[in-house]
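Take a look at the model below. The text after it leads from the strands to the core and on to the aromatic rings.

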Amino acid sequence: TEIKVNEPAKLGNANTAFSYEYTFVYNNEVYHIYQVLAIEGPLLFQKGYVLTFTAKEEVYSTHIDEILKTAEKVNFK
């Protein structure tokens, strides 16, 4: 189930980043995903990066703030 799609996001000093949030069911357990797709670097030499956080629904909210803080600290050189 899509919750948020293509939302502006932060992944360190990346040029551009967008987040996606969704849930799915596997073996009768609900999982919650937060994913960031980012592009970094000069126009002709850009690189793509993906950050994915997956947790069971009941613990997702316990850790998502830490994941967001960590994502802001990424430094692409």
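What follows is a short walk through this predicted model.

Residues are numbered from 1 along each chain as its sequence is written, and side-chain values use heavy atoms, with hydrogens and water left out. Because the model is predicted, local features need pLDDT of at least 70 and side-chain atom pairs count only at pLDDT 80 or more, while totals for chains, interfaces and linings use all residues.

Start with confidence. pLDDT is the predictor's confidence in each residue, from 0 to 100. The protein averages 95, and 100% of the residues score at least 70. Strand β2 (residues 16–26) has the highest mean, 98, and β4 the lowest, 96. Helices (H or I, at least four residues) and strands (E, at least two) are DSSP runs, numbered from the N terminus.

Next come β3 and β4. These strands run antiparallel and are joined by ten bridges. Two strands pair if DSSP finds at least two bridges between them. Six residues lie between the strands of this hairpin, and glycine 41 takes a positive phi near 115 degrees. Alanine 38 stands opposite tyrosine 49 in β4.

Now pick out glutamine 35, in strand β3 (residues 29–40). Is glutamine 35 buried or exposed? Its relative accessible area is 18%, so glutamine 35 is buried (under 20% is buried, over 50% exposed, in between partly exposed; 1.4 Å probe, protein chains only). Its side chain makes a polar contact with the side chain of threonine 52, at 2.8 Å. Such a contact is a pair of N or O atoms within 3.5 Å; within protein, one must be able to donate a hydrogen and the other to accept it, and residues adjacent in sequence count only if both atoms are side-chain atoms.

The largest nonpolar core has twelve residues, among them Tyr34, Ala38, Phe53 and Phe76. A nonpolar core is a set of buried Ala, Val, Leu, Ile, Met, Phe, Trp, Tyr and Cys residues joined through side-chain atoms within 4.5 Å. β3, β4 and α1 each supply at least two residues of this core.

Finally, the rings. The structure holds three aromatic pairs. Rings of Phe, Tyr and Trp (its six-membered ring) pair if their centres lie within 6.5 Å; planes under 30 degrees apart count as stacked, over 60 as edge-to-face and the rest as tilted. Why is the pair of tyrosine 49 and phenylalanine 76 tilted? The planes stand at 35 degrees, with the centres 4.3 Å apart, so the pair is tilted. Tyrosine 49 lies in strand β4 (residues 47–56) and phenylalanine 76 in the segment after α1 (57–72), so the pair ties together parts 27 residues apart in sequence. Phenylalanine 76 is buried at 13%; tyrosine 49 is partly exposed at 29%.
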